[in-house]
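Me: I would like to go through this structure in short steps. Shall we start with what counts as a contact?

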Amino acid sequence: MNKRLLHVSTLAAAALLLAACGPAESPSSTNTAAEPAAASSNMVLPYSASVNADRIIAADEEPGNWMSTGRDYGEARFSPLTQINTNNVSDLGLEWYADIDTSRMQEATPIVVDGAMYVSTAWSHVKAFDVRTGRPLWAFNPEVDPAKGVDACCDVVNRGVAVWEGKVFVGTIDGRLIALDSTTGEELWSVMTVDESEAYTITGAPRIVKGQVLIGNGGAEYGVRGYVTAYDAETGEQNWRYYTVPGNPADGFEQPELEMAAQTWNGEWWNLGGGGTVWDAMAYDPDLNLLYIGVGNGSPWNQSLRSPGGGDNLFLSSIMAINPDDGTYRWHYQTTPGETWDYTATQHIIVTTLEIDGQPRRVVMQAPKNGFFYVLDAATGQLITAEKFVPVSWASHIDLETDRPVEIPEARYDETRIPMIVQPGPQGGHNWHPMSFSQRTKLVYLPATEQFMGYVAPENFEVSDTGWNTGTDFAAGGALVREAGDQAPVRSAHLLAWDPVAQREVWRVPKEVSVDAAGVLSTAGGLVFQGNASGEFNAYKDDTGELLWSAMTQAITVAAPITYTVDGEQYVAVLVGGRALPTIGAGAIGSTTTMSNNNSRLLVFKRGGTAQLPPELAEEEVSDTGNLNPPPMTADFETVAHGEQVYGRYCSVCHGPAGVSPSVGTFPDLRYSARLASSEMWNSVVLGGELESGGMVSFEGTLEATDPDAVRHYIISRAHADREAGEAEHSAPLQ
Ligand code: CA
């Protein structure tokens, strides 16, 4: 355990998070589809990234590369490499590392092909390295306006690039899709994929099917309408766009099935956006010629506000199959009809073949936020099985006769119901962190989190232009949890080995940090690799969960590892740096998170590697415990309570639950702010936009007149409370 990762033992109240033309130059392709795939990695020019459909389909024939985000089109994230195995994993050492020039959250899966590694980082930057030595080849900065950060629900993250025929593709946080030259990093084309007047963002990795770059977007916490678009990889021309939720019926329907979907909505949802964003998972089956996409939550979350009177609200929280040739509907399975808890079905989708009832069956597997592990027929979408993989209190089970969840009615929330603490919470039983399906053990390894939230309808709901529009009262939800005391559920996290055929747990490795979640890699060497929030990168035995190897990372890890070979030698790589997922609507005294000075890096290991990370800052240097010195408390209880509510909705996503920053050095911990001293100093930032170049946009026009000062008084009260409790055990802010 890395003792220099500092713990905060108190996390209270509302927290959020759970939770983007020029003609293409035609690079000369030295590897044509006619060449045998197995030999191609030896025949291509260095850094040519000459990935094509044949190579990805035959990914197992060149296991030394990692050519697409999930390694193969089925996205199993399982490597056939065996050189590093259970017998010798203890010899792994750091071979090279690269510092990342932003301390925001790092979520990307690197791509390795033809001697180069391509990785995206926070703020949608892209970097290329020589895969053998770590020598930087080029770096690309799309120069996103820092003010765009406020539209990102869950930090300005990017989960990876795609490569295809000499180009590297990245979606940017401001909604662009950009094609880069794989050898130079030069921009070849760029298209704006979203309406810039809406709060769309791109955080997911593009996928490439049949020469088309597929990209979705996020923003369902901000009132957008979800869709996925296919662009010609060569030119950037749009081929098709597929909407996941209906718009205003009066405007007609872009796709025929949206007319049917509109029958499952009420009210004027189109004015609220509807949600259903496709912000992460996609997979492809070349034999069935089906593209699978995961569809997100409703916007706002609260269905009673979004679609008064209920309805299934298709195609929210659904897994959908689309014909990639023309973007037409094939099938859907809705995991959470009438979604109201932020239960996205955007989580990792794996397409594989399982032996079910003695027969091989092509299946789609997903463990979405709602806590059930789903196995569906890949050709038809028919539900095969669904079982809970974490504690779930919104539904008792999935009825295999109706294919629908059997809901606990009290779990829904509107102004007429007594609010209830619901499991999972908006972080989900499983979030975006990729899982892995081993061909060796036939087990799925998934980062599971046991979470909950008190869901409370707000007294008033008004849509704002800046900040979240969830239709939930986070402060009241936090109070509900506090009132429950010992009766509230317990937060925890573990690496879960799950048998998808038997639908049962095989083993688990508990995590120290209750909100710990990080992507997973499994290998034919009998190993499962995963980082954690305690500053370690670990290898476990795939059949037992036994810890076989561990390395210090000097950072929280949330991204998924990969493995590859260079000159016949196997390497393992992982991007580190991040903040732990904050507890949402917690009010849960005693829940923990971890923080670090966030040493964002790319770490690359091999057997016998001897590289050393630079010495960490001593704890004293990063810690400033007990230095809280807030101005006197002068506000009344109502003002502070109002400030808590405003903070919960607009501030806590970045600045952390209860005013405690989850990543000091990245987001200032406001309890230490000298600007607490006066309304004028405070408002020069909150309304005046004085720190806009750093990403802190003006909330002028969003907040009511009395809001900023109420937040200031709330933070002052939090600082006093923590000073008295002697619990403010972490570093001072940078500013
Ligand atoms: Ca969401």
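Reply: Contact here means heavy atoms within 4.5 Å. The model is predicted. With that cut-off, aspartate 151 is in contact with these residues beyond its neighbours within four places in sequence: Ala199, Thr201 and Tyr222.

Me: Is aspartate 151 buried or exposed, and at what relative accessible area?
Reply: Aspartate 151 sits in the loop between strand 7 (136-140) and strand 8 (162-164). Buried means under 20% relative accessible area. Aspartate 151 is therefore buried, at 14%.

Me: How much of the protein is buried?
Reply: The protein has 9 helices and 41 strands. Of the 735 residues, the buried share is 66%.

Me: Which protein residues are donors of the calcium ion?
Reply: The donors lie 2.4 to 3.0 Å from the ion. Along the chain they follow the spacing E-x75-N-x44-D.

Me: Are helix 7 and helix 9 roughly parallel or roughly perpendicular?
Reply: The axes of helix 7 (residues 637-655) and helix 9 (residues 707-725) come within 7 Å. They cross at roughly 100°. Angles of 65 to 115 degrees fall in one class. That makes helix 7, relative to helix 9, roughly perpendicular.

Me: What classes of residue make up the contact of helix 7 with helix 9?
Reply: The helix 7 side includes Val640, Val646 and Tyr647. The helix 9 side includes Ala710, Tyr714 and Ile715. By class, the contact has 8 nonpolar, 5 polar and 2 charged residues.

Me: What is included in the cover over the buried residues of helix 8?
Reply: Helix 8 spans residues 679-686. Its buried residues include Trp682 and Val685. Part of what covers the buried residues of helix 8 is helix 9.

Me: How far apart in space are glycine 526 and threonine 86, C-alpha to C-alpha?
Reply: Glycine 526 lies in the loop between strand 34 (520-523) and strand 35 (527-531). It is buried, at 1% relative accessibility. Glycine 526 touches Thr86, with Arg440 and Tyr540 also among its contacts. In sequence, glycine 526 and threonine 86 are 440 residues apart; their C-alpha separation is 5.9 Å.

Me: Where is the proline whose cis peptide bond has omega near -10°?
Reply: The bond from serine 299 to proline 300 is cis, but its omega is near -5°. The value of -10° belongs to the cis bond from glutamine 423 to proline 424. Proline 424 is in the loop between strand 28 (420-422) and strand 29 (436-437).

Me: Is aspartate 567 buried or exposed?
Reply: Aspartate 567 has a positive phi near 50°. Its place is the loop between strand 38 (562-566) and strand 39 (569-576). Exposed means over 50% relative accessible area. At 67% relative accessibility, aspartate 567 is therefore exposed.

Conventions. Residues are numbered from 1 along each chain as its sequence is written. This is a predicted model: local features need pLDDT of at least 70, side-chain atom pairs count only at pLDDT 80 or more; totals for chains, interfaces and linings use all residues. Side-chain values use heavy atoms; hydrogens and water are left out. Helices (H or I, at least four residues) and strands (E, at least two) are DSSP runs, numbered from the N terminus. Buried means under 20% relative accessible area, exposed over 50%, partly exposed in between (1.4 Å probe, protein chains only). Donors are N, O and S atoms within 2.8 Å of the metal (3.2 Å for Na, K and Ca); water is not among the atoms, so sites may look incomplete. Axes are lines fitted to C-alpha atoms, for helices over the stretch in contact, and angles run from 0 to 180 degrees between N-to-C directions. Angles under 35 degrees count as roughly parallel, over 145 as roughly antiparallel, 65 to 115 as roughly perpendicular and the rest as oblique. Ala, Val, Leu, Ile, Met, Phe, Trp, Tyr, Cys and Pro count as nonpolar, Asp, Glu, Lys and Arg as charged, and the others, Gly among them, as polar.
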